[in-house]
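Hi,

Here is the model I promised to pass on. Have a look at it first, and my notes follow below.

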Amino acid sequence: MQPSSRVAPALLSLASLGLALAGPAAAAELPATTAAVLAGGCVNCHGPDGRAQGAIPPIGGLDEGYLRARLLAFRDGRDAPGSVMTRLMKGHDTDQIEALAKWFARGGTR
Amino acid sequence: MSGLSRRQMLGSLAAGGAALALPAIVRAGAGSARVVIVGGGFGGATAARYLKRHAPQLQVTLVEPAPRFHTCPFSNLYLAGLRSWDSLGHGFEGLRAAGVEVIHARAEDVDARRRNVRLSTGQTLGWDRLVLSPGVDMRWDALAGYDEAASQLAPHAWKAGPQTQLLRRQMEAMEDGGSFVMVIPDNPFRCPPGPYERAAMVAHYFKRHKPRSKILLLDAKDNFSKKGLFQQGWKALYGDMIEWVGLADDGRVTRVDAGTLTVETAFGQIHKAAVLNVIPPQKAGLIAERAGVVDASGWVPVKAENFETRQVAGIYALGDATLAAPMPKSAFVANTQAKLAAATIAADLLGQAPPAALFTNTCYSLIGPDYGISVAGVYGAAEGRIVERPGSGGVSPGTADAAFRAAEAAHGASWYAAICADIWGAG
Ligand SMILES: Cc1cc2nc3c(=O)[nH]c(=O)nc-3n(C[C@H](O)[C@H](O)[C@H](O)COP(=O)(O)OP(=O)(O)OC[C@H]3O[C@@H](n4cnc5c(N)ncnc54)[C@H](O)[C@@H]3O)c2cc1C
């Protein structure tokens, strides 16, 4: 588990307050700066804000559920055998995948 | 003022909605905090753009001598004749449009105590945070006979520029049936798969224009990045044109005679070349030494969680200049290190919590126009060390059909376009 998912109780209540205002979300949402760092590795291939620059497909603005499902499938080896995506997603945990799905569903910006 | 009270003050000012650039306010009563970045290559230019993105009020100054930066990535494709020289060049208009101040000068010296940097123009810039991404310099004292003058006869072409163009001209002038000899250093060096991609790209050119020529790789080590995949690809596309000699078979070169284009190995074998490409051992760019952030290895030790240098607080270092094993010295990694450092510096100056470290790498290598391979890795920081995330990474499958290799060749081109747009693009 990531340290970031063990949020101190006081912070947790603050966070859930914010989330209650922002709408339903997972309890362990990663901070925006951490999500930005995570997404930084993706845009090197998928283009700024996930706008493709060639053969690698676009990911900016895709449906959040679709993104989550594909990232999990890559990670669990159920999709595109041998793909670089599998090799990369195996290094990401569920919280990180959650943050990435949200980030790119919003169009690749916070 | 102590770090803590300063941080608290920044935080409370930020909460009060004051301008974001607080340290300069604290110090001078006006203006904004300044981050100076040395080097407009993969690490430095990324850091500049992302600092502006995270904290638009910051004053971000990028110092880079070249008006256009030419990338090492894809310079092997230029040698092959698959890319024009101009297509490797990237200007700084996009960064200027993003609000980065770009000064075309060389940073000559750093005063870490007074927090300033002196430029070749005579100008001195003060900074609140300094970021160094100067890339590598050659160690001219490390390989007997190979100094800067020798590189005019036997180019390294390991910085994209006149050296790369010189090597291409030598390949064009070489007669069919000649021998292209490459001298390859031990780890660590810039771009671990680079020499082996270069061998393939030179072979691509020879196959079409000088098919009787040979390529001899003299290597100071027994293993190299994507070795199995490279050897398989070389064989498939170029037959016996490329011969690789590792350390165990006396591949380590100990002396270069650039005048006669000969090299001598550890056990005294002499090899004569028609074109001699010597990639010497390397170290962090000189400015890192001037700033006092290198250690005895010649590289810059950094904190794994944010790439601040271990030697001097407030100075960050990125990319090839750093000691960042197990990450390779690649453009991709320099870019993700820069994104972490930029987010960290912005958070620090804004009094916010720092981001968690995560680094990504993928190096695509081209063996032929429709034959690409890749190596990938994901890294984090744990207990002050950089660690590969368990289960992640690895190379392309050893058995794959032509369509898979062609897809990875196309992905490599797509990667290059994406990372260059991310760094130097219109934004
Ligand atoms: C042949 C070859 C092929 C490669 N292919 C790939 C690839 O396919 N993929 C990949 O990921 N990586 C590749 N690389 C590696 C990649 O080039 C480097 O890892 C990357 O450039 C490192 O970025 P950097 O910011 O550390 O240095 P650089 O990108 O070299 O930038 C350093 C900049 O700092 C400037 N500078 C230095 N000193 C000063 C000073 N005192 N004042 C001001 N400016 C200064 C320099 O002018 C330069 O512009 C390749 C390398 C080679 C040699």
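A quick convention before the ligand: a polar contact here is a pair of N or O atoms within 3.5 Å; within protein, one must be able to donate a hydrogen and the other to accept it, and residues adjacent in sequence count only if both atoms are side-chain atoms. By that rule, a ligand oxygen atom sits 2.5 Å from a side-chain N or O atom of B:Glu64. The protein covers 94% of the 1000 Å² of accessible area that the ligand has on its own (Shrake-Rupley, 1.4 Å probe).

Housekeeping: this is a predicted model, with local features needing pLDDT of at least 70, side-chain atom pairs counting only at pLDDT 80 or more, and totals for chains, interfaces and linings using all residues. Residues are numbered from 1 along each chain as its sequence is written, chains are lettered from A and ligands numbered from 1 in the order in which they are written, and side-chain values use heavy atoms, without hydrogens and water.

Around the ligand there are 33 residues (a heavy atom within 4 Å). B:Ser133 and B:Arg190 are among those that come nearest. Domain 1 (6-135 + 285-424) and domain 2 (139-278) of chain B each supply at least three shell residues, with bounds from an automatic or database domain assignment.

As for the chains, 30 residues of A are in contact with 41 of B (heavy atoms within 4.5 Å).

Cheers
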